[in-house]
Amino acid sequence: QVQLVESGGGLVQPGGSLRLSCAASGSILSIYSMGWYRQAPGKQRELVAAINSEAGTKYADSVKGRFTISKDNAKNTVYLQMNSLNPEDTAVYYCNADVRTLVPPVRRDYWGQGTQVTVSS
């Protein structure tokens, strides 16, 4: 099994910045991609940003130019640097990882428990 532990959420004023981290641990053989999704009250969960094993990235249009996703392969950790935050960014942010495990020998998605990001004055 794989565990994803997120950190870095909190309350920030409009225009401020936050950095989210997500560390994967467990019986990991390969990580194909890691990413961040978010879900605001009354809305569906949406992709925010993702990064694959070749460091290719994709972003939601709403965060392009403001958010940056990066990873540390040695630590199995993905980061989301969020700048110029606005109230519309308020949501629970979930880490996601597409992982092949050693035991059991399967490939599947894993999710973190979520971390709250609130942008308010």
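Patches are made of residues with over 30% relative accessible area and no salt bridge, where like charges are joined within 9 Å and nonpolar side chains (Val, Leu, Ile, Met, Phe, Trp, Tyr) within 5 Å. The model is predicted: local features need pLDDT of at least 70 and side-chain atom pairs pLDDT 80 or more, while totals for chains, interfaces and linings use all residues. Residues are numbered from 1 along each chain as its sequence is written, and side-chain values use heavy atoms, with hydrogens and water left out.

**View A. Nonpolar surface patch of Leu 29, Leu 102 and Val 103.** Together the three residues have about 300 Å² of accessible area (Shrake-Rupley method, 1.4 Å probe; for residues, only the protein chains shown count as cover). Leu 102 lies in the loop between strand 9 (91-101) and strand 10 (107-111); strands are DSSP runs of E, at least two residues, numbered from the N terminus. Leu 102 counts as exposed because its relative accessibility is 51% (buried is under 20%, exposed over 50%, partly exposed in between; 1.4 Å probe, protein chains only).

**View B. Open antiparallel sheet of four strands in the order 1-3-8-7.** Strand 1 (2-7) and strand 7 (67-72) each have a single partner strand, so one side of each edge strand lacks a neighbour in the sheet. Strand 3 (residues 18-26) and strand 8 (residues 77-82) are joined by six bridges and run antiparallel; two strands pair if DSSP finds at least two bridges between them. Cys 22 has Val 78 of strand 8 as its bridge partner.

**View C. Disulfide between Cys 22 and Cys 95.** The structure holds one disulfide (a pair of cysteine sulfur atoms within 2.5 Å). The sulfur atoms of Cys 22 and Cys 95 are 2.1 Å apart, and the link is left-handed, with -85° about the S-S bond. It connects distant parts of the chain, from Cys 22 in strand 3 to Cys 95 in strand 9, 73 residues apart. Both Cys 22 and Cys 95 are buried.

**View D. Salt bridge of Arg 38 and Asp 89.** A salt bridge is a side-chain nitrogen of Lys or Arg within 4 Å of a carboxyl oxygen of Asp or Glu. The N to O distance here is 3.0 Å. Arg 38 is buried at a relative accessible area of 5%, and Asp 89 is buried at 1% relative accessibility. Arg 38 and Asp 89 belong to a network of salt bridges with Glu 46 and Arg 66.
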